[in-house]
Structure formats: C-alpha cells, structure tokens
Amino acid sequence: MADVKLTIAGRPYDLHCEDGQEAQLLQLAAVVDEKARAMAGGTEVRQLLFAALMLADDAQDAKGKIEKSEPQSDSLRAAVALAESREAAARDELRAAMTREQTALKELEAARQASSAAAPSAPPSHDRALLQIADRIEALAAKVEQLP
Amino acid sequence: MELDLDESSLAIGRIERALSRIEKALTDRANRPAAAVQPATADQSALKAEVAAVIGELDRLIAEADRG
C-alpha cells in the first residue's frame with residue numbers, strides 16, 4: 001500500500017492506496033479541490049457539498065452523452081457487419097466463378113485433345129489441298145488477266 | 001493445330017483474292033467492244049479445262065470436309 005497526502009479545500013488528508021495508483025489519486029483530488037475552490041466564501045462542508053453536486057452533474061452529463069451516441073455506434077456496427085457480409089459473399093462468388101472458369105478450361109482442353117485424337121491427319125491434308133488450289137487459281141487469274 | 005488454321009486461312013484468302021482478280025478481268029473483257037475481243041484460241045480452251053479441273057477439285061474438297 002502507498003501513502004498519499006492530499007489537500008482538498010485547504011484541508012490536508014492522509015490516505016492509502018494501492019501501489020502505482022498514487023498519481024491517479026492525486027489527479028482526482030485536484031479535480032475535487034478545483035470544484036470546491038469554485039465555491040469560495042462558504043464553509044468547508046458547503047464547499048465539499050457543492051463540489052460533490054457539480055461532479056455528480058458532470059457524471060450525469062457524460063452518461064447522457066454516451067447513451068446518445070450509442071444508437072449511432074449501433075448503426076455504424078450494423079453498417080460494418082453488412083459490408084463484411086457483402087465482401088464475404090463477393091469473395092465466395094469470385095471463388096465460384098474461378099472454379100467454373102477452371103472447369104470450363106479443363107473441358108475445353110479435353111475436347112481439344114479428343115478432337116485432335118479423333119481426326120489426326122484430316123486438317124493438314126485439307127490445308128495442302130487448299131494451298132494447291134490457291135496456287136492453281138492464282139495461275140488462272142494471271143492467265144485470264146492476260147487474255148487478248 | 002494453330003498452324004493448320006493459319007494455313008487454311010492463308011489459302012482461303014489467296015483463293016478469294018485470285019477469284020476477285022478473275023472476276024475483274026472478265027468484267028473488263030465483257031465491257032470491251034465486241035470487235036476488240038478476239039475469238040477463242042487453243043490457249044483459252046486449255047484455260048477452260050483448268051477452270052473446270054479446279055472447280056472439280058474444290059467440289060471434292062468441300063464434299064470431304066462435309067463428311068468430316
């Protein structure tokens with residue numbers, strides 16, 4: 001325990017408090033002393049009475065402000081919760097879309113492999129035939145252009 | 001696979017351009033005065049035979065492609 005010497009409304013008081021709380025106690029005493037000195041000219045008891053009343057008034061004001069701000073805090077909390085749930089839903093949707101895309105890519109690759117296995121030589125032979133026809137039609141065009 | 005597709009596209013493009021050239025040459029020829037157009041020669045008969053052969057080859061290719 002720690003010993004603390006306080007002075008409130010001009011009178012010294014010796015108090016004990018837990019170790020480490022001395023500074024807080026001195027600060028609280030300074031607040032009470034300030035309120036008591038605001039009622040100068042009265043008796044010590046009256047000064048302390050008014051200090052107690054003013055502190056009670058401050059406490060009530062503070063409590064009212066907290067209660068007033070609570071609905072706002074509630075709506076903020078609700079907005080945050082809504083945003084979080086929407087973000088989670090969007091993330092799930094994105095993951096599902098990615099899965100669908102990967103599945104479609106796999107299906108496409110499988111279809112590509114199946115089609116190339118089913119018709120291994122047909123496209124190249126068609127290409128060769130097309131290229132030969134292109135050669136012949138170009139030669140024909142040159143001849144037609146040179147017709148008298 | 002991609003090379004095949006490119007070669008096909010290239011060949012088809014060449015065929016289309018050559019056909020346009022033939023069409024233009026024939027249109028020009030049809031628009032010329034009759035006196036300027038010379039009668040058919042042996043070369044032109046060979047040309048007709050080549051046209052018929054190419055058309056036959058194209059028909060064969062199309063039929064093959066249709067069969068898959």
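Predicted model: local features only at pLDDT ≥ 70, side-chain atom pairs only at ≥ 80, totals over all residues.
**Entry 1**

I found 20 residues of chain A and 25 residues of chain B taking part. Which element gives the largest share of the chain A side? I traced it to helix α3 of chain A, residues 122-145, which supplies 17 residues.

**Entry 2: chain A as a whole**

Next I stepped back to look at the fold of chain A. I listed 3 helices and 2 strands, and going along the sequence I read the order as β-β-α-α-α. How much of chain A counts as buried? I noted 8% of its 148 residues. I also looked at sequence range: among contacts in chain A with a separation of 6 or more, 25% link residues 24 or more positions apart.

**Entry 3: a stop at A:A40**

I located A:A40 in the loop of chain A that runs between α1 (22-38) and α2 (44-118). Is A:A40 buried or exposed? I put it down as exposed, because I count 8 C-beta neighbours inside 10 Å, and the cut-off for exposed is 12 or fewer.

I also checked A:A40 against A:A9, which lies 31 residues away along the chain. Their C-alpha atoms are 9.2 Å apart.

**Entry 4: notes to keep**

For my own recap, helix α3 of chain A is the one to display when I return to the contact with chain B, and A:A40 goes down as an exposed loop residue.

Terms used
Residues numbered from 1 in each chain as written. Chains lettered and ligands numbered in written order. Contact = placed C-beta atoms within 7 Å. Helix = DSSP H or I, 4+ residues; strand = E, 2+ residues; numbered from the N terminus. Buried ≥ 20, exposed ≤ 12 C-beta atoms within 10 Å, placed from the backbone.
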